[in-house]
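Please examine the structure shown here before reading the dialogue.

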Amino acid sequence: MGYWGYFVVGRAERPLAELEALSGAADMTLRQTAPDGWQVWEFAGGDGDVGNMNDLAGQTGAPALFGYVMDSDCVVVEAAAPDSGAWTTCLARTAMAGYLGAERDGLTLEDYFLDPRDAAERAVAWAAEAGRVASAGELAAVLSDDPAAAPDGGPDGDRDTDRDIDRDADRDADRDIDRDADRDASRDAGLADGPVAETLFFRFLDRLGVVPL
């Protein structure tokens, strides 16, 4: 059985777990700190309420987000920032679609979550409010990473979406991505053998520039 629970990320001078916005989540554990006051708190099991990221961003005056990990297979990401607002996406999309059973209800994953390209654009704005410069191409690559996808890439719609993401990633990625490719591969190598969902989530935080690997 994999991991179920929340990772809450925000910036504040005091511990995030002491804030009213997170009062519904008892017994949170500080998982990691990063420069400029960034904190990652863990709420294992998720038997409670981590609340609304708009409320946390409002209390801290800084961007905030959570990742809800589902059995180490996929992650719900809810993010908010004081100026650019709230948005929701997911990591490991094929696994997430299986949990939601959206197709059985005549829905698609995009009825619940932003697609990787749109989520990457919102994430760049989120990072900018955090004082970071993030690459839409690098973020889209993490958001579209789909370990459970079929080898042939799935239905045509999925392939079309992937082609759009790849094209936009090539266009939008910073000119130094190729130069830094070896650095990125080395940076990710330490997580390669870890659980899929947690690996993707912390890689996403790294690409946002707030909690480096």
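Predicted model: local features only at pLDDT ≥ 70, side-chain atom pairs only at ≥ 80, totals over all residues.

Tutor: Residues are numbered from 1 along each chain as its sequence is written, and side-chain values use heavy atoms, without hydrogens or water.

Student: In what order do the six strands form the open sheet?

Tutor: Strands are DSSP runs (E, at least two residues; helices are H or I, at least four), numbered from the N terminus. Two strands pair if DSSP finds at least two bridges between them. The pairing in this sheet is antiparallel, and the order is β2-β3-β1-β4-β5-β6.

Student: Which are the edge strands?

Tutor: An edge strand pairs on one side only. That applies to β2 (29-34) and β6 (85-91).

Student: Over how many bridges do β1 and β4 pair?

Tutor: Strand β1 covers residues 5-11 and strand β4 residues 64-70. Val9 stands opposite Leu65 in β4. The two strands pair in the antiparallel sense, and the number of bridges is five.

Student: How many of the nine residues of helix α4 are buried?

Tutor: Buried means under 20% relative accessible area, exposed over 50%, and partly exposed in between (1.4 Å probe, protein chains only). Among the buried residues of α4 are Gly137, Leu139 and Val142. Helix α4 spans residues 136-144, and its buried residues number seven.

Student: Is Arg207 buried or exposed?

Tutor: Arg207 lies in helix α7 (residues 196-208). Because its relative accessible area is 10%, Arg207 is buried.
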